[in-house]
Amino acid sequence: MEKKFKKRGVDYPIVDGVRTLPGKYYHSPEIYEEESQKIFYKSWQFACRAEEIPSPGDYKLLQIIDESIILVRDKSSTIRAHFNVCRHRGTQLCAEHSGNFKAKTIQCPYHAWTYALDGKLMSAPLMQEGHGFVKEECSLYQAALHEWEGFVFINLDRNPVPFESQMGALVGRFKDWKMDELRIAHHIRYELNCNWKLILQNYQECYHCPGVHPLLTKRTPVQSAQHDVSEGAVIGGFMDLTQERGSMTMHGEAAAPPICKTGEDLQRIYYYSVFPNLLLTPHPDFVLYHHITPLGPDKITNDCYWLFRPEVIKDPTAQAGISSAVEFWDLTNRQDWQVCEQMQIGTKSARFDRGYYSGREDILHQLDMEVLKALGHTPGG
Amino acid sequence: MEKKFKKRGVDYPIVDGVRTLPGKYYHSPEIYEEESQKIFYKSWQFACRAEEIPSPGDYKLLQIIDESIILVRDKSSTIRAHFNVCRHRGTQLCAEHSGNFKAKTIQCPYHAWTYALDGKLMSAPLMQEGHGFVKEECSLYQAALHEWEGFVFINLDRNPVPFESQMGALVGRFKDWKMDELRIAHHIRYELNCNWKLILQNYQECYHCPGVHPLLTKRTPVQSAQHDVSEGAVIGGFMDLTQERGSMTMHGEAAAPPICKTGEDLQRIYYYSVFPNLLLTPHPDFVLYHHITPLGPDKITNDCYWLFRPEVIKDPTAQAGISSAVEFWDLTNRQDWQVCEQMQIGTKSARFDRGYYSGREDILHQLDMEVLKALGHTPGG
Amino acid sequence: MEKKFKKRGVDYPIVDGVRTLPGKYYHSPEIYEEESQKIFYKSWQFACRAEEIPSPGDYKLLQIIDESIILVRDKSSTIRAHFNVCRHRGTQLCAEHSGNFKAKTIQCPYHAWTYALDGKLMSAPLMQEGHGFVKEECSLYQAALHEWEGFVFINLDRNPVPFESQMGALVGRFKDWKMDELRIAHHIRYELNCNWKLILQNYQECYHCPGVHPLLTKRTPVQSAQHDVSEGAVIGGFMDLTQERGSMTMHGEAAAPPICKTGEDLQRIYYYSVFPNLLLTPHPDFVLYHHITPLGPDKITNDCYWLFRPEVIKDPTAQAGISSAVEFWDLTNRQDWQVCEQMQIGTKSARFDRGYYSGREDILHQLDMEVLKALGHTPGG
């Protein structure tokens, strides 16, 4: 049975004088370097799910531009984010992408300096203290860390702003979904030839949906799109499902029992972009998220995860539903990547000065302003 | 029966004080960037043969440094050169190298803005005019275009110089060959690790022929070389065939009936370099041309085409002749690429300041001067 | 039977205020370019073994950053180091990595200019002297060359310092080994992703040995390490073998009869780093050396050679010994490359400002000072 979706946001005129960013913001190595310094080395950003390192000693490496971070659960079960750099002579401590530090210590492979899981230097063979060497001052460098609903965020800045000042809009949001209890049911890594910002932009407008996503448009019509949050780093909105007890799946029906409560939430797909590197998509029955990792001005990896309730993941009869959700989004993702990559190529032309935003893309201008503000650039360009 | 070739241009002394370009002109990324701006984005250059897009809707993509151009035949059968960039947000419109726009429109894959084949914006879904958006001002950007004897030339500059001011020497030249009636019989793409200018230089002297091209030297002795045109972008000359009714083929005989008329032309191979990217080689019986595409200071593609009369191409008994011409030039090309690539490597040495030009290479100095003039550099270096 | 090794150099305190180089010295393209100009294009450096080009006409190419050098034995049996660049227009003369110039001349493949093996221009077809072209001034450019104990060193500088002023510490050293009589028994090329200086540093301290090289530590304990020479470019030391008539082999026994004389030498492995590109390791029974070739700030090739007496190489019963030496060092090499590559990665972190040197790594500070002196940089960084 089909339910009427609410019609919203149709045919806005374009905002006077508002234009897209100039093409150089997607191509210039200098701007990319500036973004590294002023955004990726300075902002709170998504790191991993807490469930990925469940036990003391479990670790996962995270690459942020040139910085490798060891996300590790220490003996007291606290998650730490250590810079993957020995304090002796700078050697990368850990080369394996993930695993468990069996000895409950982190030992440098070169000269065997050994650190506790909380980062404290425990032993430096044959080193005498004094003459400028003080053991207590040689703990591993740590990044600030904050956990929200099972999502681990870190900040590499030496003096990070409080989490709430950047991510305030998240606090208390989506409580009903009990996202900290969800678990990863599936993961796909995409390697894309485009700038990281094009993925955020693509996620924040459905003007492209009728042509690019015929199936998605059937599930959630473009006219139902509505923005509900725009506070600094967090920009969010939702779309209405046409079908009752529907979801974003190949067959159109829910992939699992509901994980939220209210009637409105049960009929909506939320799209929250958590600047700069997380796209969060709560469904009535599961949660999808994308983790964007820039590798250069025109190259990213995009890791897409499907979160379900643990009992659903374990239930053999629920696997078809999970697969249908995975297939739906894998299809939709690939449709998006194609146009994002073509936009990357086209915007390199010297003839592309600055494009237009339709009324359906007004929120992209806010995203642009967030980037310019972080870089300290004038909107005029 | 062998006919005596005319002996010309033997043992010129080197011109006093004339030396080659310094090595940086073949290696420096800065000079390559300057060449892009001042030569490839500003000059008339070869784009394609008109026959490659014979019918309305037929298109072929052309890459000029960072610019992708859609060469397309519109509904009125006029060839257009559109920048491959949507006016909405800069997306590359077309990703396939060649094909036919079936709907006789060019539609952006991202938000479905749709253009007529002549570039006019026909529809932009949900966009209201006003507030800075005027549909008529959003046609595709176009490059200037000129057709000469079936060869399509374009110029990306916003205010291009007249075709004749750069290519005047071509106008009326080679009329007898009826080159617009010829068709592509064969095409080979070569990927080369050398600067684009080394290919032009290689083409403009036969000082290297005795050692590099033993077979070519048998057909057209180096002492017969003579220059007949040197007007700006067009530098040309010819060599005499030793054999009557001969041509540049493996067996030495003509590959097809003559396509030119006068006795002299029937005994000559013309070598015209059409700066910056076309090498044109009319034979008595067919026409060869090379299309050079720079990909970096030390990388090009070189597309070599063999043009014959259409009735020859269709004639089964003529295929052996075509093959013999293809084989001859493929062999000769490969001999040239080898030494051009070795010159690229050697000139990177800091010890290579500036080389010498023999009397047989005097025309290369004119080519250098053409480059320096375009760049606004002093010959002194 | 095991012999007691001498205990030396234990638990030195770190030198006050001494810290490692900042990370940029391993990563910055600008510093790499500076090193090219001020070290690799200016210093004496190892080129090849004289035995590699035994007869007139034999040659081997050597790449030093952007310069290709032809190492060739001329008609009078003198070894020459020619820049691989034709004086006509800069073409690379020779593309094959090694071989023999059969005609006893070096001929340019492009226009056939022909040089004697000693570099003199013999013929330039069709070139008339005068107008700025003087044949005698067109010999191949040559690098300075010095042979020491069968090791050929060259210097690309136009005004090279005397060999002895840089390599004085080598003169007369290791005479007993008669290294000029030794021959290459084995060669392994390693491609490594690290800065060239990390390999020198790795070679000059055994602080890492207990953890990284368990087998090497068994043969030569870390506490036996002692430095005996530190004169400019030459920094050397030795370690004691625990086993009498032992050597660095898998089985621990000598691989061949002794090639040195005195009792002390028979019980020692010498480690000499000959800045900037040779690591020389005389054993009692063979000589190992590494030839380091930088390919970028974070890329090198490292060619490792095993030298034995010619009669040993020819002796079928001696092959097992040679293999055991090869296997031992191949194992040890790979252990080192792993940590050097991890140090390369880790030092890229902006958090790695400057590391510490333990008392066992004091000699690395001298190596750093040698680099800074050559670059004209202040130790403060």
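What covers the buried residues of α1(A)? I began my notes with this question, and I keep in mind that the model is predicted.

**Entry 1: helix α1 of chain A**

I looked up helix α1(A), which spans residues 29–40. Its buried residues are Tyr32(A), Glu35(A), Ile39(A) and Phe40(A). Looking down the axis of α1(A), I find these buried residues within an arc of 65°, so they line one face of the helix. I then turned to the face directed away from the buried side, where the exposed residues Glu30(A), Glu33(A) and Gln37(A) sit. The cover over the buried residues of α1(A) includes three strands of chain A, β1 (45–49), β2 (58–64) and β16 (287–296), and also helix α9 (362–375) of chain A.

**Entry 2**

I traced β1(A) into an open sheet of three strands, ordered β1-β10-β9 in chain A and paired antiparallel. The edge strands are β1 and β9 (144–148) of chain A, each of which pairs on one side only. From one strand to the next the twist averages 30°. Between β9(A) and β10(A), the latter covering residues 151–155, I find five bridges, and the two strands run antiparallel. As one position in β10(A), I noted Asn155(A), which stands opposite Ala144(A).

Next I followed β16(A). β16(A) pairs with β17(A) in the antiparallel sense, over nine bridges. The two strands form a hairpin, and two residues lie between them. Which residue of β17(A) is the bridge partner of Val287(A)? I find Leu307(A) there.

I then checked β17(A), residues 299–308, against strand β11(A), residues 183–192. Nine bridges join these two strands, which run antiparallel. Leu307(A) turns up here too, as the bridge partner of Ile184(A).

I looked for the three-stranded sheet in chain C. The order there is β1-β10-β9 (chain C), open and with antiparallel pairing. Its edge strands, each pairing on one side only, are β1 (45–49) and β9 (144–148) of chain C. The twist averages 30° from one strand to the next. β1(C) pairs with β10(C), residues 151–155, over four bridges in the antiparallel sense. Within this pairing I noted Gln45(C), which stands opposite Ile154(C) in β10(C).

**Entry 2: Lys373 of chain C**

Is Lys373(C) buried or exposed? I first placed Lys373(C) in helix α9(C), residues 362–375. Lys373(C) has 12 C-beta neighbours inside 10 Å. A residue with 12 or fewer is exposed, so Lys373(C) counts as exposed. I also looked up its separation from Gly172(C). Lys373(C) and Gly172(C) are 201 residues apart in sequence, and their C-alpha atoms are 26 Å apart in space.

**Entry 3: how the chains are related**

I superposed the chains next. Two copies of a chain are related by a rotation about an axis and a shift along it.

For chain A on chain C, a rotation of 120° with 0.0 Å of shift along its axis gives an RMSD of 0.0 Å. The C-alpha of chain A nearest the axis belongs to Pro29(A), at 8.7 Å.

**Entry 4: contacts with chain C**

How many residues does the contact take from chain B and from chain C? I read 26 residues from chain B and 25 residues from chain C. On the side of chain B that touches chain C, the elements giving two or more residues are α4 (209–212) and α8 (319–346) of chain B. α8(B) gives the most, with five residues. By class, this side of chain B has ten nonpolar, eleven polar and five charged residues.

The contact between chain A and chain C takes 25 residues from chain A and 26 residues from chain C. The side of chain A that touches chain C divides into eleven nonpolar, ten polar and four charged residues.

How values were computed. Residues numbered from 1 in each chain as written. Chains lettered and ligands numbered in written order. Predicted model: local features only at pLDDT ≥ 70, side-chain atom pairs only at ≥ 80, totals over all residues. Pairing = 2+ DSSP bridges. Axes fitted to C-alpha atoms, helices over the stretch in contact; angles between N-to-C directions. Least-squares fit on C-alpha atoms with pLDDT ≥ 70 in both. Contact = placed C-beta atoms within 7 Å. Nonpolar A, V, L, I, M, F, W, Y, C, P; charged D, E, K, R; others polar. Buried ≥ 20, exposed ≤ 12 C-beta atoms within 10 Å, placed from the backbone. Arc of directions from axis to C-beta.
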